[in-house]
Amino acid sequence: MKTSTHTDYHASIQVHTSAHKAADAICNVRAWWAKKFEGSAKELNDIFIVRFGETFVRFKITEMIPDKKIVWAVQDCYLHWLKDKTEWNHTSVLWEISKNKNLTEIGMTHIGLKPGVECFNDCEKGWDQHVKGSLFRLLTEGRGNPE
């Protein structure tokens, strides 16, 4: 698995909620990211798959510090629109949750998704929509907008 650098895709949101509710929302993948979801994303070593048409990504939760940190390692993927359809393999998604005054801050870094890789521009737009849009709405309005 790759380690994070300042060039990896990163998004952050701040919400008026507890760290526990933020972690629960992240783990409720079906509510904010992908309606086509298989498996579980709640505990260490859980494996789950998200699907968008032909595209799929299989993740394993490789690290979990309750209400603070979650790491999803990509085990396999098929990104149908790319030349390298397995471009996300050997990448990971790092979730960090912290308190910032009276807000909870959620940081998401896709380690290995950097400018210059084929999917960066499209994936940056997608992650922005899902994290800054749908996950934020799930936490602030009680309803996300998953694909």
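This section describes the fold, the overall dimensions and a set of individual residues of one protein chain. The structure is a predicted model, in which local features require a pLDDT of at least 70 and side-chain atom pairs are counted only at pLDDT 80 or more, whereas totals for chains, interfaces and linings use all residues. Residues are numbered from 1 along each chain as its sequence is written, and side-chain values use heavy atoms, with hydrogens and water left out.

The protein chain contains three helices and seven strands; helices (H or I, at least four residues) and strands (E, at least two) are DSSP runs numbered from the N terminus. Their order along the sequence is β-α-α-β-β-β-β-β-β-α. The radius of gyration is 14 Å, close to the 15 Å given by the globule rule for 147 residues, so the chain is as compact as a globular protein of that length. Here the radius is taken over C-alpha atoms, and the rule is 2.2 Å times the number of residues to the power 0.38. Along the principal axes, the C-alpha atoms fill a box of roughly 45 × 30 × 25 Å.

Of the 147 residues, 46% count as buried, where buried means under 20% relative accessible area, exposed over 50%, and partly exposed in between (1.4 Å probe, protein chains only). The chain exposes about 7600 Å², of which carbon and sulfur atoms supply 49%; accessible areas come from the Shrake-Rupley method with a 1.4 Å probe, and for residues only the protein chains shown count as cover. Among contacts (heavy atoms within 4.5 Å) between residues at least 6 apart in sequence, 50% join residues at least 24 apart. The mean positions of the 20 positive and 19 negative charges are 3 Å apart. For this calculation Lys and Arg count as positive and Asp and Glu as negative, while His and the chain ends are not counted. Each charge is placed at NZ of Lys, CZ of Arg, CG of Asp or CD of Glu.

Helix H1 spans residues 19–27, and its buried residues are Ala19, Ala22, Ala23, Ala25, Ile26 and Cys27. The cover over these buried residues includes helices H2 (29–32) and H3 (120–141) together with strands E4 (55–65), E5 (69–78), E6 (92–100) and E7 (103–111).

Two residues of helix H3 were examined. Serine 134 lies in this helix and is buried, at 1% relative accessibility. A polar atom of the serine 134 side chain lies 2.7 Å from the backbone oxygen of tryptophan 32. This is a polar contact, defined as a pair of N or O atoms within 3.5 Å; within protein, one atom must be able to donate a hydrogen and the other to accept it, and residues adjacent in sequence count only if both atoms are side-chain atoms. With residues up to four places away in sequence not counted, serine 134 touches Ala31, Trp32, Gln129, Gly144, Asn145 and Pro146. Threonine 140 is also placed in H3, but is partly exposed at 39% relative accessibility. A polar atom of the threonine 140 side chain is 2.8 Å from the backbone oxygen of phenylalanine 136. The C-alpha atoms of threonine 140 and isoleucine 49 are separated by 26 Å, the two residues being 91 apart along the chain.

Lysine 69 is located in strand E5 and is partly exposed, with a relative accessible area of 25%. Its side chain makes a polar contact of 3.1 Å with the side chain of glutamate 63. Leaving aside neighbours within four places in sequence, lysine 69 is in contact with Glu63, Met64, Leu94 and Trp95. Lysine 69 and glutamate 38 are 31 residues apart in sequence and 22 Å apart in space, C-alpha to C-alpha.

The loop between E5 and E6 holds glutamate 87, which is buried at 15% relative accessibility. The glutamate 87 side chain reaches the backbone nitrogen of glutamate 118 at 3.1 Å and that of cysteine 119 at 2.9 Å. Apart from neighbours within four places in sequence, the contacts of glutamate 87 are Cys77, Leu79, Leu82, Val117, Glu118 and Cys119. Histidine 90 lies in the loop between E5 and E6 and is exposed at 59% relative accessibility. Although not a glycine, histidine 90 has a positive phi of about 70°. Lysine 101, in the loop between E6 and E7, has a positive phi of about 60° and is not a glycine either. Lysine 101 is exposed, with a relative accessible area of 79%.
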